[in-house]
Amino acid sequence: MTDIVTITPNPAVDLSTVVDKILPVAKLRGQSQRRDPGGGGINVARVIRRLGGDARAIYPVGGAIGKLLRQLLDKEDIASHTWMIAGETRENFFVDEISAGKQYRFILPGPRLHEVEWKQCLKLVAALEPFPRFLVASGSLPDGVPDDFYAQVARIAKQRGARFVLDTSGPALAAATAEGVDLIKPNLREMRELTGSEPSDAYAWEVAAKQLVETGKATVVALTMGHLGAALVTRDEVLRAPPIPITPRSAVGAGDSFLAALIWRLASGASRADSFRLAVAAGAAALLHPGTELCRPDDVARLAGQVTIETA
Ligand SMILES: Nc1ncnc2c1ncn2[C@@H]1O[C@H](COP(=O)(O)OP(=O)(O)OP(=O)(O)O)[C@@H](O)[C@H]1O
Ligand SMILES: [Mg+2]
């Protein structure tokens, strides 16, 4: 049985290439081309699959790019639950500039969803049979979708006795946490927006995360702090993980890889500390290789041995 279903309201096909140098006006000849499925929940499902688990993905399909997205996920052996929309699924564009060792990421807005289209997603979720134990929603909301969309998903999950996991930002995150969710994975920017505060150090950030737990906004806060590491905060414990020393070659996918490993291990019955260890390793592993590639399982296994978990 699949225990994990991900939801991606604004998925993408990520097109990436490599050029020597970025210059205006000149024709910049790409040395390669690559298309990957993209969008928060879709990446979470892909990482879980890579790590040896199983996750289904719910997302809208629009036009030719939408069909391509579905085919790309079929190739990765990820089961899709889709519905058709009138607009065209978006493409994002990534360019690695070799001479400067820089990566440029162009994120496009994607289609506007009509009311009937986003409501169809809620119907699809409510009709999942068997209902998964973990429902993981991740990514931005497309235009036309109300800020309380994820709050509505949280309510469905609650009614069905599933754990609702959310990785998003801004008003959508605020509305869902007002409803109460099981696990959120804010980075520092998202925490700042959500709490309206600017803690001065890692300890103060953990206190802010603890307040979210104590006020019922989330049962677990997985606070990720980029190169500063991460903390896993619940009512009765705070686990801290200093970062693994790595040289980042890419800026893509650390958050999605972290969340995927965390949920996969938790769903498999591992302890919070063990799940957190693998998550920190997966976040760092995502950054080891240039381009849009997600974490590689051998890197995750190797780096997991380097993660230290401290109890506050
Ligand atoms: N430079 C780094 N060095 C070591 N580990 C890192 C680095 N950047 C990220 N990580 C690991 O990956 C985790 C998730 O990264 P981050 O906090 O940047 O998530 P995010 O902002 O959601 O990322 P994304 O841009 O993918 O959405 C971090 O908590 C950390 O464990
Ligand atoms: Mg993120």
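Predicted model: local features only at pLDDT ≥ 70, side-chain atom pairs only at ≥ 80, totals over all residues.

Helix α3 has its buried residues along one face, and helix α9 is mostly covered. As for ligand 1, the protein covers 82% of the 630 Å² of accessible area that this ligand has on its own.

**Helix α3**

- Start with the length: α3 runs over residues 115-126, and at 1.5 Å a residue its twelve residues should span 16 Å. The C-alpha atoms at its ends sit 17 Å apart, which agrees with that.
- The residues of α3 that count as buried are Glu117, Trp118, Cys121, Leu122, Leu124 and Val125.
- If you look down the helix axis, those buried residues fall within an arc of 160 degrees, so they line one face of α3.
- Turn to the face pointing away from that buried side and you'll find the exposed residues Val116 and Lys123.
- What do the buried residues of α3 pack against? Their partners are the strands β1 (4-7), β4 (55-61), β5 (80-84) and β8 (134-138), plus helix α4 (149-159).

- Valine 125 belongs to helix α3, and with a relative accessibility of 0% it counts as buried, because the cut-off for buried is under 20%.
- Setting aside neighbours within four places in sequence, valine 125 is in contact with Ile7, Ile58, Phe131, Leu135 and Ile156.

**Helix α9**

- Helix α9 covers residues 272-285, so 14 residues, and reaches 20 Å from its first C-alpha to its last, close to the 20 Å expected at 1.5 Å a residue.
- How many of the 14 residues of α9 are buried? Ten of them are, which makes this helix mostly covered.
- The buried set of α9 is made up of Ser275, Phe276, Leu278, Ala279, Val280, Ala281, Ala282, Gly283, Ala284 and Ala285.
- These buried residues pack against strands β12 (230-233) and β13 (238-241), and against helices α8 (254-267) and α10 (297-304).

**Around ligand 1**

- There are 19 residues around ligand 1, and the ones that come nearest are Lys185, Asn187, Thr224, Gly226 and Gly255.
- Asparagine 187 brings a side-chain N or O atom to 2.9 Å from an oxygen atom of ligand 1.
- A polar backbone atom of glycine 229 is 3.0 Å from an oxygen atom of ligand 1, while for alanine 254 a backbone N or O atom lies 3.2 Å from an oxygen atom of the ligand.

- Glutamate 129 and proline 130 are joined by a cis peptide bond, with omega at about -5 degrees. You'll find proline 130 in the loop between α3 and β8.
- Valine 25 isn't a glycine, yet its phi is positive, at about 65 degrees. This valine is in the loop between β2 (12-19) and β3 (34-38), and at 86% relative accessibility valine 25 counts as exposed.
- Aspartate 77 also has a positive phi of about 65 degrees without being a glycine. Look for aspartate 77 in the loop between α2 (63-75) and β5.

- Asparagine 43 is part of helix α1 (residues 40-50). Is asparagine 43 buried or exposed? At 7% relative accessibility, asparagine 43 counts as buried.
- The side chain of asparagine 43 makes a polar contact, at 3.3 Å, with the side chain of aspartate 256. Not counting residues up to four places away in sequence, asparagine 43 touches Pro37, Gly38, Asp256 and Leu294.
- Threonine 168 is in the loop between β9 (163-167) and α5 (170-179), and at 5% relative accessibility threonine 168 counts as buried.
- Which backbone oxygen does the side chain of threonine 168 reach? That of glycine 139, at 2.8 Å.
- Leaving out neighbours within four places in sequence, threonine 168 is in contact with Gly139, Ser140, Tyr150, Leu173 and Glu190.

Terms used:
Residues numbered from 1 in each chain as written. Chains lettered and ligands numbered in written order. Heavy atoms only, no water. Helix = DSSP H or I, 4+ residues; strand = E, 2+ residues; numbered from the N terminus. Buried < 20%, exposed > 50% of the residue type's maximum accessible area, 1.4 Å probe, protein only. Arc of directions from axis to C-beta. Contact = heavy atoms within 4.5 Å. Near = heavy atom within 4 Å. Polar contact = N/O pair within 3.5 Å; in protein donor to acceptor, adjacent residues only side chain to side chain. Areas by Shrake-Rupley, 256 points an atom, 1.4 Å probe, with all protein chains shown as cover.
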